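My entries follow the display.

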Amino acid sequence: MTPKDMMVADANSEAMGIPRTSLMENAGSCLARRIINNRNPCKVAIFSGNGGNGGDGFVAARYLINHGFEVEVFLLSEPSLIKSSETRLNWNVLEKMSNGTSPLSLNIIRDSSYLHETDAEVVVDAILGTGVSGNLREPVSTAVDIINQSEGFKVAVDVPTGVDPGSGMVADNAVRADVTVTFHKVKVGLNIASVEYIGNLEICDIGIPREAELFTGPGDLLRLPNRDKKSHKGQNGKVLVIGGSKEYSGAPALAALASLGAGADISVVACPRELSQVIRSYSPDLIVHSLSDDFMNPKDTDEIVKFSENFDSVVLGCGIGREEETSLAVNDLVVEIEKPMVIDADALKMLGPGVLPRRIYETVITPHAGEFREFSGIGAPQDLQDKIKVVKEVSRESETTVLLKGAVDIIARNDKLKLNSTGNPGMTVGGTGDCLAGLTGALLAQGRDAFEAAFLGAYINGLAGDLACEEYGYNFKATDVLNFIPRAYPF
C-alpha cells in the first residue's frame, strides 16, 4: 500500500470507533515483542521523532522496561513540538516513569550537539514514518549516522528513516536496518528499496479492520489535494456536460451545478436548442452551449467533439432521452471524445447490452440496478458478495470503472474494489444520480483517476445526502443535496 493509503486506513479506522491511541499501542507493543522474543534483556536505544513513529517507539519503551530491558530514549525534538495527541500522551507517560525506579533515561535533542554515540545492544529507529520524504535535516541526519555506526542490532519502525516509503529511493542518507517492522501492510517503497536499508521485513497486524480499506470513509478525503493558492481560472477543472431532452431539462443542470459544487472552475452544458434558455434560467452560474436541433443527433457530433477539446472531462447522458438518432450520436461521442468521461443514465442504455466501445481514456459508468441490467445484460443479484462478483466481471469485460448505485454502492475497476455506505433512503428522489455524475466528472477533471473519482464521488454525494437528511428528514430534493456538496468537503 502507499503511504497515503495507510493514512486513509488509520483515519477510517478511527471513524469506525478504533482510537488512534489503540493503533499506536498495538504498533508499539508489536515492536517491543519483536525485540523481547529475540533478545535477552539488554540495553536498548530508541531514537524517536515527534510524529506517530516516535509515539510507537515510546510505547515500545514501556513494554521493554516491563520485560527487564534498560531503555534510553532520544527525542529529536522539543516536547512542545510533538505533533499528535497520541504521541504526546505516550511521551508524558515516559516522563512520569523517568521520575521513578524504571531503568529509563530520556534525552531531549534540541540540536545535533546533544547527540552522542550509544553502546546499546539494540538500536531502534523510530524517527520518521511513512509521511516523510526528501533530504534529512538536522538533528535527524546526525542521528542516522550514529545509528548506522552503532554495533547494535538495528530495528526500523515501519520504514527506515531516509527511505522514501512511496518510491523506495534514498535522497542522501538512510538508516541501514537489520530488520524493518512495518505495520498493517507492506508500504510500496519497501518492496523497491535496497535490502541494504530494509534488512529483513516483518509485518505486524495492529488491528486495522479490512472494512477500513474496503469501505469509503472520511479518511478517503485525505486523497484530495489542497487547492493551489496561486491557481488561476480553469486550473481546477473544466467539465462539459452533454445531455438534456424535452422531458429532462433539469438533469444536465444538476450535473453541471454539482461539478461546480465539487470545486470545478467551469462547467458547461451542451444541450438541444430548445432547452438552452430553460437551463440558463436555473442558475447564473451555468454556461450553456446550444446544439442544432431539439434533440441530440449525429449532426452535432463533430461540433461536440471539437468543443470537448477545451475541457478536462466530459459527463455524458444526464437526461439525454431515448431518440433513435440520439443513440447514434451517443455511440459516436463515446468513441470520438478524447477526454476522461462519466457515462450515465440513458446513454448507458444506448450502449448496451454489454458493449462499451474501447476507450483509452479514463471512463466511469454510473448505473442504478435497472441501467446496469440494460447495459450489461446481467441482472445484479441481491446478495452483496454475488453482486460484487458481477460488477467486477462487467468492469473487466468493459474495461471501465463501474459504480453501481444502491444502498451500498459498489465501485470496481478490474480487481480493485471499494464499497460506499453513505447516503440514505431519501436519495431515491430523482436527480441525485445526476449530482453524482457531475461530482465524479469534476473529480476526473481535477486529475483523479477513474476508480478514485468514482469512489470519492459516491462518498461525497452520499455524505451530502446525509447532511440534507439531517436538515430536512427524508423529504429533501436533489437541489438540497446539491447545496450540501461543498459542506461535505473537508476544505
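Over the face of which ring does K418 lie? I note first that the model is predicted. I looked up K418 and found that this residue lies over the face of F455, at 5.0 Å from the ring centre.

Entry on F455. I then looked for a ring partner of F455 and found F451: the two form an aromatic pair with 5.2 Å centre to centre and 70° between the planes. Planes over 60 degrees apart count as edge-to-face, and I recorded this pair as edge-to-face. Both residues belong to helix α17 (residues 450-472), and because they are 4 residues apart there, about one helical turn separates them. I checked accessibility and found F451 and F455 buried.

Entry on the count of pairs. I found 4 aromatic pairs in the structure. One of them joins F58 and W91, with ring centres 5.3 Å apart. I located F58 in helix α3 (residues 52-66) and W91 in helix α4 (residues 85-98).

Entry on burial. Are F58 and W91 buried or exposed? I read 0% relative accessibility for F58, so F58 counts as buried. For W91 I read a relative accessible area of 2%, and W91 is buried.

Entry on a further charge over a ring. I looked up R39 and found that R39 lies over the face of F153. I noted a value of 4.6 Å from the ring centre for R39.

Definitions and conventions. Residues are numbered from 1 along each chain as its sequence is written. This is a predicted model: local features need pLDDT of at least 70, side-chain atom pairs count only at pLDDT 80 or more; totals for chains, interfaces and linings use all residues. Side-chain values use heavy atoms; hydrogens and water are left out. Rings of Phe, Tyr and Trp (its six-membered ring) pair if their centres lie within 6.5 Å; planes under 30 degrees apart count as stacked, over 60 as edge-to-face and the rest as tilted. Helices (H or I, at least four residues) and strands (E, at least two) are DSSP runs, numbered from the N terminus. Buried means under 20% relative accessible area, exposed over 50%, partly exposed in between (1.4 Å probe, protein chains only). A charge sits over a ring if NZ of Lys or CZ of Arg is within 6 Å of the ring centre and within 35 degrees of the ring normal.
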